[in-house]
Amino acid sequence: MAYTMTFDVLHEYDAGDLGITVPVELTIGMNSTKVDAKLDSGAGCCIFRRELGEMLGLDIESGMPQWISTPTGSFLTYGHDVTISAFEFQLNVMVYFAVDEWFIRDVLGRFGWMQQLKLGIVDYEGKLYIGSYDADTSVDDIVAEIEKDRTQS
Amino acid sequence: MQENGNSVVITETGAIIPRALFGREDLIVEELRQAGVLSPPSAEKPVKAPARMEMPNRSRELKWIKEHRKEYADQWVALDGDRLLGHGTSSREVIAAARQSGVESPLIVHLETKVRRVPPIDISREKQWLKEHRHEYIGQWVALDGDRLISHGTNAREVYETAREAGVKVPFVAHIDPPDQLPFGGW
């Protein structure tokens, strides 16, 4: 059985780079900056280093505390409302900023960002296809997928 | 150099820590405080770190979102399973409600009715500049406007503010990490 999807944007990235790098614009109030972030389907949410939040005027610890687990341990983050523009899409996202300055990754994860979009990856060619997603009609599919993942694990 | 029983002695030339105190951090810190080397302990209660609760499975939250998306369109919602902890257009208030609830790992999301379309972000000239110059700024933050370096330094906020003061409304910023990174493991 074949499946067909349509996308709005094609983003070409350097397939030899560490991870899939995506240019994003972060906005908090009147402050905006452009940065490179990594696409990470293994991340439950968007996580950025604390300096970026502070740079844009945030008091990091005033946000929503959230521990994030990794294969090698956990680290503490605080969530804040950030407008993320990436490709041609703009979303209000709860972005989690790492408390510790040793955390030096900026990743676009699932809740708040990836789940608002459709993504198709041809990694060998460094091609990332992106489309907007109609959440009103397809949340069932996400729930079914999560249930399936849980059953399998 | 002086030793006075079981205590640390501070002289004008420095602090001497007797071998007998090795491993007795509390005593060493107390002596250093008395000597004015360390600040006195704060009268305030120490800040309690948030409980170590990691993100749980979110199936119930996603189901709730499907059922209530239209009702709370364009609002922030904080959920604990299918329980609504707070909602509104102000993320700050929703975060406050979630913190007030005592739930350790709520899901906080903005219920978008429509993904907004914006012009694409082009940082090709910034990336080219990084390829050519990154070795000159290892360990520093740089702020760029196209292929023009606006500011650099070890303090991200200062670098950003300098770029903004120079008239660059949305600078590209990057921290130049050393080139010998290991592959990123992701999550």
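Domain bounds, as used in these legends, come from an automatic or database domain assignment. The model is predicted, so that local features need pLDDT of at least 70 and side-chain atom pairs count only at pLDDT 80 or more, while totals for chains, interfaces and linings use all residues. Residues are numbered from 1 along each chain as its sequence is written, and chains are lettered from A and ligands numbered from 1 in the order in which they are written.

**View 1. Domains of chain B.** Chain B is divided into domain 1 (1–42), domain 2 (59–110) and domain 3 (124–175). Taken over C-alpha atoms, the centres of domain 2 of chain B and domain 3 of chain B are separated by 37 Å.

**View 2. The largest nonpolar core.** A nonpolar core is a set of buried Ala, Val, Leu, Ile, Met, Phe, Trp, Tyr and Cys residues joined through C-beta atoms within 7 Å, where buried means that 20 or more other C-beta atoms lie within 10 Å of the residue's own, exposed that 12 or fewer do, and partly exposed in between, with C-beta atoms placed from the backbone. Of the 66 residues in the largest such core, those touching the most other members are Cys46(A), Ile47(A), Ile84(A), Leu108(A), Ile108(B) and Val173(B). Strand E7 (residues 89–98) of chain A contributes the largest share of this core, eight residues. Because domain 2 (59–110) and domain 3 (124–175) of chain B both give residues to the core, it lies between them. Two residues are in contact if their C-beta atoms, placed from the backbone, lie within 7 Å; leaving aside neighbours within four places in sequence, Ile84(A) is in contact with Val24(A), Leu26(A), Cys46(A), Leu91(A), Val93(A) and Trp113(A).

View 3. Strands (E, at least two residues) and helices (H or I, at least four) are DSSP runs numbered from the N terminus, and two strands pair if DSSP finds at least two bridges between them. E7(A) is mostly covered, with nine of its ten residues buried. Strand E4 (residues 46–48) of chain A pairs with E7(A) in the parallel sense over three bridges, and Ile47(A) has Tyr96(A) as its bridge partner there. Strand E6 (residues 73–86) of chain A pairs with E7(A) in the antiparallel sense over ten bridges, with Ala86(A) opposite Phe89(A). The hairpin of E6(A) and E7(A) has two residues between the strands, and in this hairpin Phe87(A) takes a positive phi near 55°.

**View 4. Where chain A meets chain B.** The contact takes 55 residues from chain A and 48 residues from chain B. On the side of chain B that touches chain A, helix H2 (59–68) gives the most, with five residues. Across the two chains, E7(A) and E6(B) pair in the antiparallel sense over two bridges; in E6(B), Arg116(B) is the bridge partner of Gln90(A), and Arg117(B) that of Phe89(A).

**View 5. The loop at Gly126(A).** Gly126(A) is placed in the loop between strand E9 (117–122) and strand E10 (127–132) of chain A, and counts as partly exposed because it has 16 C-beta neighbours inside 10 Å. Not counting residues up to four places away in sequence, Gly126(A) touches Glu12(A), Tyr13(A), Asp14(A) and Ala15(A). Six bridges join E9(A) to E10(A), which run antiparallel, and Leu119(A) stands opposite Ile130(A) in E10(A).
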